[in-house]
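Q: Can you walk me through how the chains in this model are put together? I want domains, sheets and helix packing.

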Amino acid sequence: MTLRPAHWRLRAGLVAVVFFSAGCSTPSTTNRGVTYGLTLSPTGIDPHLNASAELGIPLSSVYDTLVVQDPATGEFLPSLASSWSISEDGRSYTFHLRSDVHFQDGEPFDAEAVAANIDYVLDPDHHSQKAVFMLGPLEDVVVGDSQTVTFLLAEPYPPLLDSLSQVYLGMASPKALETWGPVDYQFHQVGTGPFRFEEFVPNDHITLTRNPDYAWAPSIYRHATAQVERVTFRFYTDPATRALALENGDADILGELPPHDWDRLQRDGAFQVESVPIPGQPMQFLFNTRRPPTDEWAVRQALLLALDRPAIVETVFGPSSPVAQGPLSINSWGYSAAGSFPAYDEAASARLLADAGWVPGSDGVLRRNDISLELSIVAPSWGYNPEVGQLIEAAWEALGARVELRVAPSFGQLKEAQEQGDYSAIGLNFFGTDPDLLRPMFTSGGIYNWMGYSDPLLDDLLGRAGGSAAAAAERSELYAQIARIVRDQGLLIPIRDYVNLVASHRRIQGLRFSYAGWFPLLIDLELAS
Amino acid sequence: MVSPPDRPRTRLLTVVLRRALSALGTLWAAVTLAFFALRIAGGDPTHSLLAQGLASPEQVAALRSHLGLDDSLTTQYVHYLGDLIQGDLGESLYTGRNVTAVIGEQLPPSLQLALSAFVVSLILGLSLGLASGWYPRRVVGRVADALSALATGLPVAIVGLIAILAAAYLSRMFLPALALTRAGGLVLPSLTLGFGASGALARAIQAGLLETSAAPYLVAARARGIARGARLMWHALRPVLPLAVSLSALQAAFLLSGTVVTETVFSRPGLGRLLVSAILDGDYPVVQGLVVLGAAVYTLTHSVAEVIASHLDPRLRDAEA
């Protein structure tokens with residue numbers, strides 16, 4: 001009988017050995033580099049042709065861009081272009097390129113290479129999903145000499161520098177583009193950046209290795225070359241598993257953690273946490289101004305006042321989340337506090353509705369001329385929109401409305417719901433570093449004007465702020481006016497400014513992000529000994 | 001039994017032919033259903049394709065026409081079936097890659113997971129079923145009963161999270177290098193999925209055993225002095241087996257759908273993940289390719305199971321002939 005415990009230990013040991021050998025098919029743990037957890041598994045990862053933000057996390061370190069944006073100020077600084085000039089009329093951008101740059105396959109980087117990249121993006125047979133639209137009214141790319149290239153525009157387009165600073169217009173080896181073509185290039189990417197593209201196995205991993213020849217780092221990087229040998233990206237699509245992957249040591253860095261997990265990791269103290277602001281628009285719901293009852297200003301205003309937005313944000317996103325104050329998030333260039341939305345005021349909300357003639361019927365639902373106050377909310381299924389939608393639904397029901405909440409599982413279905421038009425409020429927002437992203441949403445007949453709102457003054461302001469070569473101070477003032485109109489008209493419900501909730505292992509040092517917020521500057525990653 | 005020399009062969013031939021025809025019918029029905037369901041309920045894929053870009057309505061229209069989406073549904077359907085008969089599953093709307101290649105790439109990890117989960121479910125299902133059916137009043141039987149109830153009732157996603165938590169705890173306490181939870185690992189996912197699939201099998205065996213162990217022929221066997229173990233193996237279990245085999249074949253469907261959740265929870269590549277992203281992207285050709293594959297696997301395992309079951313149970317064999 002005394003042998004029994006030893007027996008048990010032996011058996012447990014055997015089981016462990018079996019499990020161990022089964023679990024260890026992955027490479028040895030000595031200097032395995034850094035494992036970076038991504039949150040969705042992109043269907044295609046050619047930045048010139050595909051559109052996901054996720055692809056930029058690895059690939060913005062494979063490519064360099066003509067210009068870069070200062071991570072702190074958003075100022076445009078030289079990278080592959082050592083200098084540039086913009087013509088008086090804002091329709092011609094001339095870039096002077098560095099002469100000492102070569103691609104990871106040994107091909108030289110020059111003006112022809114820039115033109116070849118733009119041609120690849122513009123080729124109608126390639127069906128670029130994002131990059132082609134970022135070029136705006138581009139008419140032609142003219143190669144001057146081997147180190148000079150000029151972009152000619154049909155009309156002024158201030159966001160061009162912003163576009164050219166993003167990975168979607170990163171410079172790829174023309175030889176690799178031509179060899180592999182639009183279908184297979186995504187598996188064989190070649191840039192000039194601090195990391196080489198090693199391998200992409202869909203749904204499994206992306207691997208980058210250090211580019212030892214890198215010698216043209218822009219000033220935004222703190223190091224001249226990459227400090228880690230290898231970065232492996234894996235996909236953690238189920239939000240509930242992200243913090244676990246970090247805690248189990250399976251991943252060293254993870255972004256887009258669920259807020260409550262992030263709070264827990266922060267309190268825990270064993271990990272480094274960061275909340276990276278994402279410029280652009282906050283999470284928001286747009287009012288439908290074409291359809292009763294939200295076509296009426298008083299109803300929109302009352303619905304807004306009925307929402308305790310800070311409480312909604314705290315319930316869904318935890319205590320450390322920023323409450324949004326307008327159509328641009330607070331950290332975005334062009335944000336103006338003058339356009340801040342009104343605070344929660346239940347009494348004022350009820351008064352507005354009563355003054356507009358809405359009175360409770362026998363069932364408690366507000367009615368006017370035998371029509372009851374019926375509202376329909378369409379929430380995208382991602383990013384906690386449904387949870388926020390439920391709280392809005394509850395608040396409006398408490399006000400005396402009858403509310404229906406529908407969830408759209410994909411952007412396709414969201415767009416479908418928008419085309420049917422039978423919604424009162426719908427969730428939609430865009431990220432970006434230039435406030436010109438407001439234009440398609442707020443101009444009359446704009447592609448994303450899902451409010452159906454039309455105001456010549458707003459059109460004029462947006463046109464002047466985005467379409468002309470206006471100076472920064474002037475643009476800033478124009479966006480402040482735009483924010484005030486959006487607020488005064490009650491066109492939308494701003495909810496929460498986006499932050500990328502990141503956590504990393506203690507051994508990771510130097511984790512920094514680009515101005516756009518999503519993309520890490522992997523060159524500066526270091527491993528503590 | 002003596003039979004004319006040609007009889008077994010013709011019988012086999014008719015059986016195979018009949019099976020093949022009904023398999024084709026099932027395939028056709030599945031493909032057709034998927035084709036129309038996706039297009040009626042799934043939304044316009046061009047919206048997903050151009051979600052991030054500021055495409056004008058004209059550009060959206062151009063893409064639709066390029067993808068053949070503005071042809072009538074019937075025309076698209078006829079084209080699709082025509083290509084399918086030639087073995088061409090088409091190209092992904094999203095990446096332009098050949099659908100057969102896209103699926104082929106994700107098939108091995110799913111197959112690996114489904115097969116190992118199947119083995120786990122057989123072992124677990126048999127043990128739990130035997131223990132709870134043959135020893136219904138002992139502790140081991142009661143524990144097995146409770147476990148099989150949990151296996152049937154708990155969603156795979158929950159079991160998976162519990163497994164990750166437990167493994168994380170274990171590896172932190174005892175075996176830091178275990179790496180059980182690493183993305184892409186096979187042990188935890190197959191245990192999780194296999195556990196979920198074992199419930200139905202365990203339940204069926206348990207119910208069958210409870211029924212047969214009270215049957216008069218078992219009492220007679222006991223009276224003849226046959227040992228308890230032999231009674232279980234040769235007398236009580238045999239009538240239960242055909243049902244168990246058909247159930248195991250049904251599990252093929254469960255395992256296929258179970259991979260969707262398991263692969264997501266454990267960050268494994270595979271067909272399940274591919275299916276989810278293809279549905280969300282509105283990538284119809286990929287979804288349809290997966291439906292064809294799923295239906296093919298399903299009809300194949302079913303046919304095999306029926307052949308096995310008919311060998312185990314003479315009554316089924318005679319009914320078939």
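A: What follows goes through chain A and then chain B.

Q: Which conventions apply to the model and its numbering?
A: This is a predicted model, where local features need pLDDT of at least 70, side-chain atom pairs count only at pLDDT 80 or more, and totals for chains, interfaces and linings use all residues. Residues are numbered from 1 along each chain as its sequence is written, while chains are lettered from A and ligands numbered from 1 in the order in which they are written.

Q: What does the domain assignment of chain A give?

A: Domain 1 covers 30-277 + 500-527 and domain 2 covers 283-497. These bounds come from an automatic or database domain assignment. The centres of the two domains of chain A, taken over C-alpha atoms, are 32 Å apart.

Q: How many residues of domain 1 of chain A are in contact with domain 2 of chain A?
A: 15 residues of domain 1 contact 14 residues of domain 2 in chain A. Contact here means that the C-beta atoms of two residues, placed from the backbone, lie within 7 Å.

Q: Which elements give two or more residues to that side of domain 1 of chain A?
A: Helix H8 (259-268) and strand E12 (271-277) of chain A. The largest share, three residues, is from H8(A). Helices (H or I, at least four residues) and strands (E, at least two) are DSSP runs, numbered from the N terminus.

Q: And how do the residues of that side divide?
A: On the domain 1 side in chain A there are seven nonpolar, five polar and three charged residues. Ala, Val, Leu, Ile, Met, Phe, Trp, Tyr, Cys and Pro count as nonpolar, Asp, Glu, Lys and Arg as charged, and the others, Gly among them, as polar.

Q: Sheets next. What is the order of the open sheet of four strands in chain A?
A: The order is E4-E5-E7-E6 in chain A, with antiparallel pairing. Strand E4 (81-86) and E6 of chain A each have a single partner strand, so both stand at the edges with one side lacking a neighbour in the sheet. Direction ignored, neighbouring strands of this sheet are turned by 20° against each other on average.

Q: How many bridges are there between E6 and E7 of chain A?
A: Five, in the antiparallel sense, between strand E6 (residues 138-143) and strand E7 (residues 148-153) of chain A. Two strands pair if DSSP finds at least two bridges between them. A:Val143 has A:Val149 in E7(A) as its bridge partner, and a hairpin of four residues joins E6(A) to E7(A).

Q: What about E5 of chain A?
A: Strand E5 (residues 92-97) of chain A pairs with E7(A), also antiparallel, over five bridges. A:Tyr93 is bridged to A:Phe151 of E7(A). Helix H3 (residues 111-122) of chain A packs on this sheet and touches E5, E6 and E7 of chain A, with its direction at about 155° to that of E6(A). Angles run from 0 to 180 degrees between N-to-C directions, and axes are lines fitted to C-alpha atoms, for helices over the stretch in contact.

Q: And what order do the seven strands of the other open sheet follow?
A: E8-E9-E10-E1-E11-E21-E12 in chain A, with mixed pairing. Six bridges join E8(A) to strand E9 (residues 205-210) of chain A, and the two run antiparallel.

Q: Over to chain B. Which domains does the assignment give?
A: Domain 1 (7-93 + 283-321) and domain 2 (109-281) of chain B. In chain B, 17 residues of domain 1 are in contact with 15 residues of domain 2. H13(B) gives the most to that side of domain 1, with 12 residues.

Q: At what angle do H5 and H13 of chain B pack?
A: Helix H5 (residues 99-134) and helix H13 (residues 284-312) of chain B pack at about 60°, with their axes 10 Å apart. H5(B) and H13(B) are therefore oblique to each other. Angles under 35 degrees count as roughly parallel, over 145 as roughly antiparallel, 65 to 115 as roughly perpendicular and the rest as oblique.

Q: Which residues of H5(B) and H13(B) make the contact?
A: B:Val99, B:Val102 and B:Ile103 of H5(B), with B:Pro285, B:Val286, B:Gly289, B:Leu290 and B:Leu293 of H13(B). Seven of the residues in this contact are nonpolar, one is polar and none is charged.
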